[in-house]
Amino acid sequence: MAEIGYTMMSEQTPAGQMVDDAVTAERVGFGYAVVSDHYFPWLEELGHSPYAWSVLGAAARATERLPLMTYVTCPIMRYHPAVVAQKAATMGVLSEGRFTLGLGSGENLNEHVVGHGWPPVNTRHEMFREAIEIIKMLFEGDYRNFRGEFFDIDSAKLYDLPERPVPLAIAASGTQSMEIAAEYGDALVATAPDDHLVEGFAASGGDGKPVYGQLAICYDSDRAAAVERAHRLWRWSLPGWKVMSELPAPVSFAASTETVRPEDVAQKVPCGPDVDAVVEAVRQYTDAGFTHVALVQIGYEHQREFFDWSEKELLPALRRL
C-alpha cells in the first residue's frame with residue numbers, strides 16, 4: 001500500500017492550528033505530513049497563508065516521528081536558492097533527519113509579489129534547473145561560488161547541516177519538469193495520478209524512487225454540507241495546472257471558476273462520510289505507481305472530525321488497500 005500522509009494546508013489554516021494538526025496527525029497514525037508554501041490563498045474565502053517555514057520549524061519540535069515535507073517550495077523568485085538551501089538544511093537539523101525538501105517551478109500567484117514579473121514556462125524550467133544545482137551544491141558543505149544565467153552565489157557556505165543531505169522531491173507535470181525530477185530528485189511529486197508521468201520518471205532515471213501525490217477530500221457526516229464546502233473553498237482547482245500556474249491573484253481564480261458547479265467539484269473531490277469513495281480515489285494513485293499520497297481535508301474548522309474519522313475508519317481501510 002501507499003504511505004498515507006496528511007496535508008497542513010496553509011492557505012486555509014491559522015499557523016498555530018497547523019502545528020497542532022501535525023501533532024494530531026502523528027498521533028492518529030498518518031505516515032508523514034506535507035505543508036504548502038504560498039504567499040496567497042487561491043481564493044479569498046480560504047482566508048489564510050502563514051509563512052510555511054515558521055510552521056515547519058514549530059512542527060519539527062512539536063512532533064517526534066512524523067516525517068515533514070514542503071509541497072512544494074519554489075526556489076526561483078520569491079526565495080533565492082541559497083536561502084532555500086539554508087532553510088532546508090536547518091529543517092533537516094531541527095527535525096533530526098525527518099525533512100524532505102519538495103521543490104517546484106512555482107505559480108504566478110505567489111512569485112509575482114517580488115515585482116520581477118512572471119517568466120514563460122521554458123524560462124522557469126531553466127531557472128529551476130539552475131536553482132536545484134545551487135541547492136545541491138550547498139548541501140555538500142564548504143564555501144561555494146556559482147555564476148549562472150539566472151543566479152549567482154559568492155562564497156556561500158551552510159554552517160548547520162544535518163548528518164545526511166536533505167532529500168529533494170521534485171514536482172513535475174510534463175516532460176520537461178519530469179526530466180528535471182529524474183535528473184536531480186530523490187523523489188517525484190505530481191498533482192494527478194498520471195501513470196505516464198510516473199513511467200517516464202522511472203525510465204529517465206527515477207526507477208525505484210518514491211512518488212508523491214496529493215488527494216483533496218471533504219469529510220462531513222452530511223454529504224450535502226461537504227459538497228457545498230468543497231465548492232466554496234476548492235473550486236479553484238478545476239481549471240488544472242496550466243491555468244493555475246499563470247493566474248496572478250485570488251480574484252483571478254474566482255473569475256476563472258465562476259461557472260464551476262458544486263456537482264463539478266464533487267466529481268473530482270470525494271465528499272461526505274463514504275470511506276469507499278476515498279479508498280477508490282487513493283487506488284487511482286497506487287495503480288499509477290505512486291508510493292505516497294497526502295490527503296487534504298477541505299475546511300480548517302473540520303479537522304478534528306476528520307482526524308476522528310480517519311483514526312477509526314479511513315486509515316484502517318486504506319491500510320487494507
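**Exercise 1. Strand β4**

Task: In this predicted model, how many residues of strand β4 (residues 99-103) are buried, and why is the strand described as largely enclosed?

Solution: 
- Step 1. Apply the cut-off: a residue is buried when its relative accessible area is under 20%.
- Step 2. Count. 5 of the 5 residues of β4 are buried.
- Step 3. Conclude. The rest of the structure largely encloses β4, because 5 of its 5 residues are buried.
- Step 4. Sort by direction. F99, L101 and L103 point one way. T100 and G102 point the other way. Residues in both groups are buried.
- Step 5. Compare with the general rule. Side chains in a regular strand alternate between the two faces of the sheet.

**Exercise 2. Partners of β4**

Task: Which strands pair with β4, and over how many bridges?

Solution: 
- Step 1. Take strand β3 (residues 68-70). It runs parallel to β4, and 2 bridges join the two.
- Step 2. Find a residue pair. M69 has T100 in β4 as its bridge partner.
- Step 3. From β3 the chain passes through helix α3 (residues 81-94) and on to β4. This β-α-β crossover is right-handed.
- Step 4. Take strand β7 (residues 168-171). It pairs with β4 over 3 bridges, also in the parallel sense.
- Step 5. Find a residue pair here too. L101 has L168 in β7 as its bridge partner.

**Exercise 3. Helix α1 against helix α2**

Task: Describe how α1 and α2 cross. What is the angle, and which residues meet?

Solution: 
- Step 1. Two packed helices are described by the angle between their axes and the distance between the axes.
- Step 2. Read them off. The axes of α1 (residues 15-28) and α2 (residues 52-62) cross at roughly 35° and come within 9 Å.
- Step 3. Assign the hand. The crossing of α1 and α2 is right-handed.
- Step 4. List the contacts. From α1 come A15, M18, V19, A22 and V23. They meet V55, A58, A59 and A62 of α2.
- Step 5. Classify them. The contact has 9 nonpolar residues, no polar ones and no charged ones.

**Exercise 4. Backbone exceptions**

Solution: 
- Step 1. Most peptide bonds are trans, and most residues other than glycine have a negative phi.
- Step 2. Locate the cis bond. It joins Y71 and V72, with omega about -5°. V72 sits in the loop between β3 and α3.
- Step 3. Look at E96. Its phi is near 55°, a positive value. E96 belongs to the loop between α3 and β4. The relative accessible area of E96 is 68%, so this residue is exposed.
- Step 4. Look at D142. Its phi is positive, about 70°, and it is not a glycine. D142 is in the loop between α5 (121-139) and β5 (144-147).

**Exercise 5. Sequence separation and space**

Task: How many residues separate A203 from C74, and R283 from L321, and what are the C-alpha distances?

Solution: 
- Step 1. A203 has 70% relative accessibility, so it counts as exposed.
- Step 2. Take the first pair. A203 and C74 are 129 residues apart in sequence, and their C-alpha atoms are 25 Å apart.
- Step 3. R283 counts as partly exposed because its relative accessibility is 31%.
- Step 4. Take the second pair. R283 and L321 are 38 residues apart along the chain, with 7.4 Å between their C-alpha atoms.

Technical notes:
Residues are numbered from 1 along each chain as its sequence is written. This is a predicted model: local features need pLDDT of at least 70, side-chain atom pairs count only at pLDDT 80 or more; totals for chains, interfaces and linings use all residues. Side-chain values use heavy atoms; hydrogens and water are left out. Axes are lines fitted to C-alpha atoms, for helices over the stretch in contact, and angles run from 0 to 180 degrees between N-to-C directions. Helices (H or I, at least four residues) and strands (E, at least two) are DSSP runs, numbered from the N terminus. A crossing is left-handed if the near helix is turned anticlockwise from the far one by less than a right angle, and right-handed if clockwise. Contact means heavy atoms within 4.5 Å. Ala, Val, Leu, Ile, Met, Phe, Trp, Tyr, Cys and Pro count as nonpolar, Asp, Glu, Lys and Arg as charged, and the others, Gly among them, as polar. Buried means under 20% relative accessible area, exposed over 50%, partly exposed in between (1.4 Å probe, protein chains only). Two strands pair if DSSP finds at least two bridges between them. A crossover is right-handed if, with the strands pointing away from the viewer, the path from the first strand over the helix to the second runs clockwise.
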